[in-house]
Amino acid sequence: MATTRLSDVIYGPLFLPTTIHRIAQLSRIRNSPIVSTDAELQRFANSPGDLVQMPFWNDLTGNSNVSTDDPAQNAIPNKLTQGQDMARKIRRNNGWQSANLVASMLAEDPLDAVAQLIAEYWVREEQRIMGLQMRGVFTSPGMAGNVLDVASEDGAVTPVRFDAEIASNAYALLGEYGTTLSAALMHSRVFFNLRAARAIERFKDPATGLEFDTWDGKIVYVSDQCPREPGDTSGFKYTTYLFGNGAIGYAEATGEGGPKKPVEVQSDASAGNGEGVETVWYRRHWVMHPRGVSFSGTPASASGVNDTELGGGANWTRVYDPKLVRMVAVVTNG
């Protein structure tokens with residue numbers, strides 16, 4: 001019986017499209033309404049270079065003119081002005097040796113099993129990186145008006161828990177746009193407090209078959225990448241993020257904008273004292289950007305932005321009106 005080698009699976013024509021599809025299928029955040037893409041963002045992502053520039057028209061302002069029949073009165077037209085939102089491509093890779101994938105290689109369908117394993121890793125990595133971005137965005141000075149901090153510094157003694165009243169005050173930060181918030185990303189401690197209060201409900205999306213938790217009519221995503229900071233005296237402070245539809249722009253870079261070799265198998269003939277070891281390398285370039293908050297920092301490396309830079313508030317600048325940035329952060333004690 002022939003042995004299935006890692007290279008047999010990876011170099012098959014179906015592996016890359018299978019894995020890309022599986023990543024998109026497994027990602028709850030990318031399947032949610034808070035993430036959107038469009039042809040323009042995809043075009044930027046597929047283009048060479050690291051910087052993604054997204055110009056936009058500012059809203060029209062000023063009161064309308066009162067019409068008259070006096071020909072001597074001339075109306076003065078207002079100017080149309082543009083702003084500039086900017087994102088950086090996220091370039092990441094990782095490699096796994098065949099020993100790490102041995103169970104998958106022995107599966108009935110090795111291609112599907114290896115694709116599933118790698119896809120699950122990248123879904124977790126996307127969520128981790130999104131957590132870094134949110135930390136950077138909401139610690140930037142221009143986003144102070146989109147943060148509601150009601151946490152007690154003595155959280156173990158006088159905790160302030162996340163609830164509907166606090167959330168309503170957070171919605172109000174966006175004024176009339178507060179009604180557009182549709183999802184929450186929260187730490188597991190906040191989630192389980194809400195579940196203990198019987199405030200969490202569960203539903204199944206008929207389109208994707210994915211099951212989601214909801215709270216206050218909003219889809220809930222749970223990630224311990226959400227900040228958990230100690231209080232000055234006791235306890236902890238947790239940050240919950242609330243999003244509106246399309247708050248995050250997403251595009252997977254392909255073509256000239258993507259990695260030259262998305263998947264590659266490296267064979268080390270001398271490893272294992274001559275037995276040989278195969279390593280699969282998986283590379284991705286993608287754009288995942290909070291719309292309306294420009295990444296204005298300059299990465300230290302020409303190869304791309306790193307985790308520390310994504311999480312640094314000094315690297316982010318709000319370019320939309322605060323109410324049009326479809327995100328708010330709430331800090332409580334759980």
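Modeller: Happy to! A salt bridge here is a side-chain nitrogen of Lys or Arg within 4 Å of a carboxyl oxygen of Asp or Glu. The model is predicted, so local features need pLDDT of at least 70 and side-chain atom pairs pLDDT 80 or more, while totals for chains, interfaces and linings use all residues. Residues are numbered from 1 along each chain as its sequence is written, and side-chain values use heavy atoms, without hydrogens or water.

Searching the whole structure gives 16 salt bridges. Let us start with glutamate 126 and arginine 284, whose side chains form a salt bridge with an N to O distance of 2.7 Å. Because glutamate 126 belongs to helix 5 and arginine 284 to strand 14 (residues 277–290), this contact ties together parts of the chain 158 residues apart in sequence. Helices (DSSP H or I, at least four residues) and strands (E, at least two) are numbered from the N terminus. Both glutamate 126 and arginine 284 are buried, which here means under 20% relative accessible area, with exposed over 50% and partly exposed in between (1.4 Å probe, protein chains only).

Arginine 284 has another partner to look at: it also makes a salt bridge with glutamate 252, and the closest N and O atoms are again 2.7 Å apart. Glutamate 252 is in strand 12 (residues 248–252) and arginine 284 in strand 14, so this pair joins parts 32 residues apart in sequence. Arginine 284 has a relative accessible area of 2% and is therefore buried. Glutamate 252 has 18% relative accessibility, so it counts as buried as well. Through shared partners, salt bridges join Arg30, Glu126, Glu252 and Arg284 into one network.

For another pair, turn to aspartate 213 and arginine 202, which form a salt bridge with 2.7 Å between the closest N and O atoms. Aspartate 213 is in strand 8 and arginine 202 in strand 7 (residues 201–204), eleven residues apart, and the pair links distant parts of the chain. Aspartate 213 counts as buried because its relative accessibility is 16%. Arginine 202 has 48% relative accessibility, so it counts as partly exposed.

As you go back through the model, you could begin with the network of Arg30, Glu126, Glu252 and Arg284, and then compare the pair of aspartate 213 and arginine 202.
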